[in-house]
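Dear colleague,

I am handing over the structure below, and I would be glad if you could look through it with the notes that follow beside you. They are meant for someone who has not seen it before.

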Amino acid sequence: MSERITAQLGDKQIIIETGKLAKQADGAVTVQLGETIVLVAAVAATKAKPGQEFFPLTVDYREKAAAAGKFPGGYFKREGRPTEKEILTCRLTDRPIRPLFPKGWYNEVQVQTVVLSADGENDPDILSIIGASASLSVSDIPWDGPLGALRIGRVKGKFVANPTHVEMAESDLDLIYVGNSQDIVMFEGAAKEITEDEFKAALKFGHECCQPLIAAQKELMAKAGKKKREIKLNIVPEEILSEAKKLAGDRIVPALLTPGKLARESAVSAIFEEVGKKLVEKFGEEKVTEFVLKDAAYYIQKEAVRSLILDSGKRLDGRKFDVVRPISGEVGILPRAHGSAIFTRGETQAVTLATLGTGEDAQEFDSYTGGSNEKKFILHYNFPNFSVGETGRISGPGRREIGHGALAERSLSSMIPLDTYPYAIRITSEIMESNGSTSMASVCGGTLALMDAGCPMIRPVGGISVGICTEHDDKDKIKRYQLLTDIIGWEDAFCDMDCKIAGTEKGITGFQLDLKLRGISQELMAETLEKARVARLFILAEMAKVISEPRKELSKYAPRIVTVKINPEKIGALIGPGGKNIKRLVEESGCEINIEDDGTVNIYSVSEEGMKIARESIEGMTAEAEIGKIYRGRVVTVKEFGAFVEFLPGKDGLVHISELANFRVKQTEDIVKIGDEIWVKCLGVDEKGRVKLSRKAAMAERDQEMGGEPVPAGGGDDQGHGGEERARDERPREDRGAEPRGENRGGDRGGERRGGDRGAVDRGPRRN
């Protein structure tokens, strides 16, 4: 029989139901918000695999096209490998639930989320976290929940719980908050320079909103929850651990204080290699397995590191607790990149490259659950094995790399004016060395590379990670602790927190909290935020010594851009039938041309000549006839009543026979022929859009501009010569018996032009 509960968050309801679907799973629930519904099922193996040395938790989240009433893209019409959104939601779901499983329990656990219905308004990622908590809570799997989770936005200064995509478009905060009944468990997201006080207020709001969700899950557990199974923990036997500590003796602390990451690892490894051999000699290989040796080494190191921090007030690299490691940087290090930088903080180093692209380079993707389906700013993070001095499988980016890249990306994105900046931007962060918080190094290096590329950042962004080392009492309450600014890898491994905060001098732009604890109090987090703020300002000051503002000029290898605004009604004419016009223009100019629906045309080119060709052609093809303006046109059709002249690309107008010259013209061909280039003046446009042109008026006006006497009835050739002479003799040429002066003998074009592809010059009436 199914059980159903409802939790009220403001004006929204979250409905959790169990016992209806996936009944063979150890625990399964559906979670609904609006018309968005997810199924989350949890299953744990009945025993651990032989030789299992770690807790094998797998979290999977999948969006189905059918949930949104759509077909999948691609040839096969079937969902394939997980998208970036799905991978990031897997990580969101995994991180808060992982610390709540028993230490030393190594049975495989799988938590799977399937989106069954997507209304395009409510994002299912939050429902995945709630569903994971609820499914584990009602199952027989040992787990110390439940948890509450929600997304927090801030619209017009007011916090909103689980905002829709429309509301998020107006929000300056995107905070995913996960908490238990007392403490913060996890948070992640981005903001537009909110202050530390505003961020603390958002965390408090989130914690209050979590309580109805936790209460609802407890109610569901009481109605439909299973009894938790008996488990066996796989821990190092006390006698072996004690002997290992005795054998290691007082050598561990000096080894841990060895300067340099690799030297420290080598010193510690040498000790435990010796300890391991002696343990095998005493207890035998059956008892001293590979797992036992590794676990014993971990516990001994963990105990020593914590004792150094809490009892001796020392860090492994000798720094004080609130000191950032030495920082250095360079920009412009790679000649072909549009922007490049090295950022080094201690033994953590990132090489970052900025690439400016056209509108066509923006990333497009299927969006079944709503929100944007395009990104103009992308940050990709790569973590090769050599960055930690190891070998291993070489493959594409894993979940960790995608997650770190996303954190750095959202930390920077709000400081780039993407709404007005015409370029698509890609940052690649190549990690060269790793010893703590490479994601924050990617933020700092990304800022330097963007400024080196000339990207008009609103303000530079820096980032830092703050850790914590704690000691608990018998009731698992923290009795003493020490915050650690700019943690190194060993402090991350053996301590309890990795809190990453990125931002500018004015406020926070990106954040992520990972805990090994069951939770951390609001008060402790307030201290953490202040430590991060002070460190961030120091880092920003060091970055400013490298480059303090964006470069004024782009790299010569970056595409230049010119924006032309046209009448949206002219878009069709610019594109042409089947794209004929735009394809021809792209081919002739070598430019990339992007046309927006509002008539904005962006022209991208690395060639000034190509840019000029494209711009002039577009302006000509989309220009409107201006009454009173003089144009240089080409005769395209000759009729008895006059000539049609193409005075703008693709735009013709009629020069009536009476407007061809300042005397009576018997035949149009006496004055012009097809292909001739002549000056014409726009006299008007009728109600049907037909344009009236005059050669006679154009010649008269140009003659005045060239310094000749005013000619009442027109006169002079199209170069403005000989107006005065012909004003005295308006007879047809054959009646005067001599060809008039004023033939085009150079002028602006450097010589007479006699037709060909460019047409003939307009030399006045022709002799029969």
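The term needed at the outset is pLDDT, the confidence that the predictor assigns to each residue on a scale from 0 to 100. Please keep in mind throughout that this is a predicted model. Across the chain the mean pLDDT is 89, and 92% of the residues reach 70 or more. The stretch to treat with caution is residues 710-768, where pLDDT stays under 50, although the model has 117 contacts there beyond four places in sequence. Where pLDDT is low, the predicted coordinates should not be read in detail.

Turning to the sheets, I begin with an open one of 5 strands, whose order is S11-S12-S13-S17-S16 and whose pairing is mixed. Its edges are formed by strand S11 (327-331) and strand S16 (377-382), each of which pairs on one side only, and from one strand to the next the twist averages 15 degrees. Within this sheet, strand S12 (residues 339-345) and strand S13 (residues 348-357) are joined by 7 bridges in the antiparallel sense, and Phe 343 stands opposite Ala 350 in S13. Helix H12 (residues 522-546) packs on the sheet, where it touches S11 and S12, and the direction of H12 makes about 35 degrees with that of S11.

Another open sheet has 3 strands in the order S22-S24-S23, with antiparallel pairing. Here the edge strands are S22 (560-565) and S23 (592-595), each pairing on one side only, and the twist averages 20 degrees from one strand to the next. S22 and strand S24 (residues 600-605) pair in the antiparallel sense over 6 bridges, with Arg 560 standing opposite Ser 605 in S24. Helix H15 (residues 608-622) packs on this sheet and touches S22, S23 and S24, its direction making about 160 degrees with that of S24.

The aromatic side chains come next. A pair of aromatic rings is described by the distance of the centres and the angle of the planes. The structure holds 17 aromatic pairs; one of them joins Tyr 106 and Phe 291, whose ring centres are 5.6 Å apart and whose planes lie at 80 degrees, so the pair is edge-to-face. This pair links distant parts of the chain, since Tyr 106 is in the loop between helix H1 (84-97) and strand S6 (109-117), whereas Phe 291 belongs to helix H8 (residues 290-310), 185 residues apart. Are these two residues, Tyr 106 and Phe 291, buried or exposed? Both Tyr 106 and Phe 291 are buried.

Tyr 298 and Tyr 299 also form an edge-to-face pair, at 5.8 Å centre to centre and with 75 degrees between the planes. Tyr 298 has a relative accessible area of 30%, so it counts as partly exposed, and Tyr 299, with a relative accessible area of 33%, is partly exposed as well. Ring pairs link Tyr 298, Tyr 299, Trp 490 and Phe 494 into a cluster.

The charged end of Arg 400 sits over the ring of Phe 383, at 4.3 Å from the ring centre, and the charged end of Arg 702 sits over the ring of Trp 679, at 3.8 Å from the ring centre.

Definitions and conventions:
Residues numbered from 1 in each chain as written. Heavy atoms only, no water. Pairing = 2+ DSSP bridges. Helix = DSSP H or I, 4+ residues; strand = E, 2+ residues; numbered from the N terminus. Axes fitted to C-alpha atoms, helices over the stretch in contact; angles between N-to-C directions. Contact = heavy atoms within 4.5 Å. Phe/Tyr/Trp six-rings, centres within 6.5 Å; stacked < 30°, edge-to-face > 60°. Buried < 20%, exposed > 50% of the residue type's maximum accessible area, 1.4 Å probe, protein only. Lys NZ or Arg CZ within 6 Å of the ring centre and 35° of its normal.
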